[in-house]
Amino acid sequence: MNDKNIIDAVTIKINKYLVDNKGDNSPVVLYKTPDELRGLINIKITEEGIAENTFLELVDLYLKYAVRTGNSQFLNQLYAGFNLPAFIGEIITTVTNTSMYTYEVAPVATVIEQEMIHLMNSYTGYSEGDGIFVTGGSNANLVALFSARNRISPNCRFYGISPNLKLTAFINENAHYSFETAANIIGIGSKSIIKIKSNPDGSMCCKSLEIAIIESIEKGETPFFVGATCGTTLLGAYDSLDEIAIICKKYNLWLHADGSFGGSIILSNTYKAVMNGIELADSFAWNPHKLMNIPLICSVLLFKKKGILESNLTDLNTDYIYH
């Protein structure tokens with residue numbers, strides 16, 4: 001069987017899978033335990049490889065026992081659906097095997113990314129904004145946090161954080177766990193993340209936030225970052241960006257809006273009021289793979305001020321990459 005025949009055979013299988021997804025009687029998953037799956041699917045890697053027919057059989061088995069995320073009854077993990085143009089885009093991206101390191105190797109993809117960043121910033125009100133596509137909301141929160149760290153302590157990029165500088169950051173008690181993980185990674189420690197109690201609707205209590213900032217200052221600490229949540233994981237609550245922005249400006253704190261779950265609501269004429277104040281945030285994490293029916297992973301981090309991403313870099317000898 002030649003390459004064309006394999007492609008044709010796989011295309012038929014994918015088309016059948018997509019058609020079956022639309023059927024009301026199609027189960028979301030044919031659940032098997034890990035041991036049962038290992039008995040049904042031979043996933044061992046051998047020196048001999050596998051025959052073409054065996055490869056096609058593995059494709060059938062993978063599709064048979066995979067979770068059908070395009071099924072109308074799939075309601076898990078905050079994403080779902082199938083988008084044909086985006087699916088074709090995924091194929092083209094894989095076929096061209098583009099690396100986004102430089103314009104030289106990814107001319108069309110680079111221009112597309114710049115245009116998408118510009119378009120998405122137009123919804124946030126970042127007229128002189130910047131941004132980059134990242135590997136998920138957790139990664140976006142991480143980059144936002146260390147961008148704020150670099151602003152409050154620029155030399156830490158070269159010498160690390162001074163032991164005399166105790167940085168503190170503030171988040172909704174219902175915020176995503178990634179902030180604590182990010183604090184560990186960037187060297188300020190997960191205990192530097194102070195969780196602020198929420199209102200009955202799940203949003204951050206702004207009065208409690210200001211009290212916590214003042215208490216931190218009185219202890220000789222340096223508050224530097226507030227992570228507001230636009231759509232909490234459990235309740236879908238939105239922190240009050242405009243109120244939090246006033247507090248951040250008063251105490252010179254970086255305001256990050258984590259819209260990993262609910263950020264796409266900014267596109268809704270009916271509900272975008274819950275995002276009032278987004279133009280005042282220093283950064284914004286937005287996952288189009290949630291609520292916008294885009295394949296995983298499609299995540300972007302937007303910045304109000306241009307040049308933040310470049311300033312995060314140390315003085316590296318990277319002329320072979322950055323022209």
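Visitor: In which loop does asparagine 97 lie?
Guide: This is a predicted model, and in it asparagine 97 has a positive phi of about 50° although it is not a glycine. As for its place in the chain, asparagine 97 belongs to the loop between H4 and helix H5 (107–124).

Visitor: Where is glutamine 77 found?
Guide: Glutamine 77 also has a positive phi, in this case of about 60°, and it is not a glycine. The residue is located in the loop between H3 and H4.

Visitor: Which helix gives the most to the lining of the second largest pocket?
Guide: The second largest pocket has a volume of about 760 Å³, and of the 27 residues that line this pocket, Tyr17, Thr69, Phe82, Phe87 and Pro295 are the closest to its centre. At least two lining residues are supplied by each of helix H1 (3–21), helix H3 (52–65) and helix H4 (84–96). With five residues, the helix that gives the most is H1.

Visitor: By class, how many charged residues does the lining of the second largest pocket have?
Guide: The lining of the second largest pocket has 17 nonpolar residues and nine polar ones. What remains in the class count of this lining is the charged class, and its number is one.

Visitor: How is H1 oriented to H3: roughly parallel or oblique?
Guide: H1 and H3 pack with their axes 11 Å apart and at an angle of about 15°. Because angles under 35 degrees count as roughly parallel, H1 is, relative to H3, roughly parallel.

Visitor: By class, how many charged residues has the contact of H1 with H3?
Guide: The crossing of these two helices, H1 and H3, is right-handed. On the H1 side the contact comprises Ile6, Ala9, Val10, Lys13 and Tyr17, which meet Glu52, Phe55, Leu56, Val59, Asp60 and Leu63 of H3. Sorted by class, the contact of H1 with H3 has eight nonpolar residues and no polar ones, and the number of charged residues is three.

Visitor: Are H6 and H8 roughly parallel or oblique to each other?
Guide: The axes of helix H6 (residues 137–152) and helix H8 (residues 178–185) come within 9 Å, and their crossing angle is roughly 50°. Roughly parallel would need an angle under 35 degrees, and roughly perpendicular one of 65 to 115. The orientation of H6 and H8 is therefore oblique.

Visitor: By class, how many polar residues has the contact of H6 with H8?
Guide: In this right-handed crossing of H6 past H8, Ser138, Asn141, Leu142 and Leu145 in H6 meet Ser178, Phe179, Ala182, Ala183 and Ile185 in H8. The contact of H6 with H8 has six nonpolar residues and no charged ones, and the number of polar residues is three.

Visitor: What is omega for the cis peptide bond that joins leucine 296 and isoleucine 297?
Guide: Isoleucine 297 has its place in the loop between strand S6 (283–286) and strand S7 (299–303). The bond joining leucine 296 to isoleucine 297 is a cis peptide bond, with omega at about -10°.

Note on methods:
Residues numbered from 1 in each chain as written. Predicted model: local features only at pLDDT ≥ 70, side-chain atom pairs only at ≥ 80, totals over all residues. Heavy atoms only, no water. 1 Å grid on protein atoms, 1.4 Å probe; cavity = no way out; pocket = protein on both sides within 12 Å on 5 of 7 lines; lining within 4 Å. Points joined across faces, edges and corners; volume = space filled by probe spheres on them. Helix = DSSP H or I, 4+ residues; strand = E, 2+ residues; numbered from the N terminus. Nonpolar A, V, L, I, M, F, W, Y, C, P; charged D, E, K, R; others polar. Axes fitted to C-alpha atoms, helices over the stretch in contact; angles between N-to-C directions. Parallel < 35°, antiparallel > 145°, perpendicular 65-115°, else oblique. Left-handed = near helix turned anticlockwise from the far one by under 90°. Contact = heavy atoms within 4.5 Å.
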